[in-house]
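Subject: Structure handover

Hello,

Here is the structure for you to look through. Please open it first, then read my notes below.

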Amino acid sequence: MVTEVAEAHAAATADESEFVLPESWREVLAAEVEKPYFAELSAFVAAQRAEHEVFPPRGQVLSALEATAYQDVRVLVLGQDPYHDNGQAHGMSFSVLPGTKTPPSLRNIFKELNADLGVPVPDNGYLMPWAEQGVLLLNAVLTVRAHEANSHKAKGWEKFTDAVIKAVSDRAEPCVFVLWGNYAKKKLPLIDTTRHAVVQGAHPSPLSAKLFHGSKPFSQIDAALTGFGGKPLEWRIPSLG
């Protein structure tokens, strides 16, 4: 067991670039990645990659932080853990890369967006256009073993992403936090609701889609953004056709 831990630690150290923070997040999260739990988490992920297929691929785990700089976050959408089937997860909650079939939860998101704001349902599920406008697409758990949902739950990611949520909440600039489903709603105590807006509702999963449809979260997000003196988002996802 000692040898296995040592080998995992060595692998994590050798591949520590997988968890290098993007520049804009370094100051607010530097202390977090120096904590003992994060070293243990890095060793765990390295060991999992050595023995199993892990999603998202190496180099994409912190994609959400890379796509949306700390100072640019206007909306934080919290997911649970990455998609666990091949070719889906790329480090941004609910999003999939171009050319990947749109998963059921994201299809429900697009259906509600169309019903809420009349935005056409796109032909792809790549949400980078949202991220580039300040939508932080954050999962609570940032890695998963292939085909095994929640397999990396309670290994340390939740501590790290709680720190991300709190860092955004601690900013002077207001943000809209989007909490879909009971799991996400448990993060409400991390948010200063006197300065930020919170949009809560059912999760877009097929299991709770009947409650999600008709909840109009996108018009609520835009109303909060304009209430802060900002502009609503351009929700349309460009076609790849």
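Is K35 buried, partly exposed or exposed? K35 is partly exposed, with a relative accessible area of 37%. The cut-offs are these: buried means under 20% relative accessible area, exposed means over 50%, and partly exposed is in between (1.4 Å probe, protein chains only).

Before the rest, some ground rules. This is a predicted model, where local features need pLDDT of at least 70 and side-chain atom pairs count only at pLDDT 80 or more, while totals for chains, interfaces and linings use all residues. Residues are numbered from 1 along each chain as its sequence is written, and side-chain values use heavy atoms, with hydrogens and water left out.

Salt bridges

The structure holds eight salt bridges. Each is a side-chain nitrogen of Lys or Arg within 4 Å of a carboxyl oxygen of Asp or Glu.

K35 takes part in one of them. Its partner is E32, and their closest N and O atoms are 3.1 Å apart. E32 counts as buried, at 12% relative accessibility.

D170 pairs with K166 in another salt bridge. Here the closest N and O atoms are 3.2 Å apart. K166 counts as partly exposed, at 42% relative accessibility.

Now look at R49 and E18. They form a salt bridge too, with the closest N and O atoms 2.5 Å apart. R49 lies in helix α3 and E18 in the loop between α1 (2-14) and α2 (23-33), so the pair ties together parts that are 31 residues apart in sequence. Helices (H or I, at least four residues) and strands (E, at least two) are DSSP runs, numbered from the N terminus. Both R49 and E18 are buried. Salt bridges that share partners join E18, R49 and R58 into one network.

Around E53

E53 sits in the loop between α3 (36-51) and β1 (54-55). E53 is partly exposed, and its relative accessible area is 43%. Which residues does E53 contact, leaving aside neighbours within four places in sequence? They are N86, V144, R145 and A146. Contact means heavy atoms within 4.5 Å. R145 is 92 residues from E53 along the chain, yet their C-alpha atoms are separated by 6.1 Å.

The annotated domain

UniProt lists residues 66-225 as "domain: Uracil-DNA glycosylase-like", in an unreviewed entry. Its positions are given in the numbering used here, feature names are shortened, and annotations may be inferred rather than shown by experiment. Over residues 66-225 the chain is 32% helix and 14% strand. The end C-alpha atoms of that stretch are 22 Å apart.

Best wishes
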